[in-house]
Amino acid sequence: MDNVERAVDDIRRKWVPDGRLGVFDVSLQPKMIDGTTTSRDARDALRRLAGETGLLEKVILLPNDMSAPAAIVTSALAPLQGEPRVSMPRVSEALHGEPLAVLERREEWLRVRAPDGYIGWINAGYVATGPSDWSEDWQERATARALSADIVTPDGRRRLPTGARVALRRGVVELADGRRGAVAAGSVRREQELRVEARHLALPELAQKWYSGAPYLWGGRTEWGIDCSGLTQAVYGARGITLPRDSDQQFGQGREVPLSGEGKGYE
């Protein structure tokens, strides 16, 4: 059995080396290999291993519920947690209007993949779910971003953090839950306008402008609470540069720019 355990771990390390970007929840039972994974190659390798060792195999390939494969965040923000329990710490956040890919559902919890590829659990109360074309339609329309905006709707006032996605047409803001309203404080700007503005500011200036005074919050991504890698991801994202969620992942991005031999600056 030890040999089988090592073989399962080898499959995990080969096909799902980073648990933040893929799922490999596989356990070895006395007569069975079972669990879930997002990697078809890992699932196929586990099937071959089970056949070679005479074990039963019950490994489910995620996503496994295609009736509602997409979700959109309808709350101001939603914590992503490492396990489907309220007591677990957040590992990241999803902002209002962001689309999520649904991988599986366990009662009131959804395992989702965020736009940056990060995988976590979110309570279903924070989102609306539906088919892929519904999500794609929202993404095509939600081309504006909130900047610490308060939106007044017929049902009351809604506060949205910087980066929240909304649809904007002729001054009317449409929220992800379909409600419409007007900006009462802060601002809502089209994403392309913000990118042009962001390119004229140094990144530290942009961080100071949007997130000055934000408290540190592990897993946070907004001015209500943000961590170091969340800040880096946000300010680069404002320029249209997509970065992974965590600092060790970000470290591997980009390319090295060497100093000139004379020490006068970068080549």
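I take contact to mean heavy atoms within 4.5 Å. The model is predicted: local features need pLDDT of at least 70, side-chain atom pairs count only at pLDDT 80 or more, and totals for chains, interfaces and linings use all residues. Residues are numbered from 1 along each chain as its sequence is written, and side-chain values use heavy atoms, with hydrogens and water left out.

I name helices (H or I, at least four residues) and strands (E, at least two) from DSSP runs, numbered from the N terminus. My axes are lines fitted to C-alpha atoms, for helices over the stretch in contact; angles run from 0 to 180 degrees between N-to-C directions.

**Entry 1: the open sheet.** I looked up the strand order. It is β1-β2-β3, an open sheet of 3 strands with mixed pairing. β1 (24–28) and β3 (56–61) are the edge strands; each has a single partner strand, so one side of each lacks a neighbour in the sheet. On average, neighbouring strands are turned by 5° against each other, direction ignored. I count two strands as paired if DSSP finds at least two bridges between them. β1 and β2 (residues 32–37) pair in the antiparallel sense, over 5 bridges. In that pair, V26 stands opposite G35 in β2.

**Entry 2: a helix on the sheet.** Which strands does α2 lie across? I find it across β1, β2 and β3, running at about 175° to β3.

**Entry 3: helix on helix.** I then checked α1 (residues 2–15) against α2 (residues 40–53). They pack at an angle of about 165°, and their axes are 10 Å apart. That makes α1 roughly antiparallel to α2 (angles under 35 degrees count as roughly parallel, over 145 as roughly antiparallel, 65 to 115 as roughly perpendicular, the rest as oblique). From α1, V4, A7, V8, I11 and W15 meet D41, A42, A45, L46, L49 and T53 of α2. By class, this contact has 9 nonpolar, 1 polar and 1 charged residues. For the classes, I count Ala, Val, Leu, Ile, Met, Phe, Trp, Tyr, Cys and Pro as nonpolar, Asp, Glu, Lys and Arg as charged, and the others, Gly among them, as polar.

Entry 4: β4 (residues 70–73) pairs with β7 (residues 99–106) in the antiparallel sense over 3 bridges. There I see I72 opposite P99 in β7. β7 also pairs with β8 (residues 109–113), antiparallel, over 5 bridges. R106 stands opposite W109 in β8. β7 and β8 form a hairpin with 2 residues between them. In its turn, E107 has a positive phi of about 55°.
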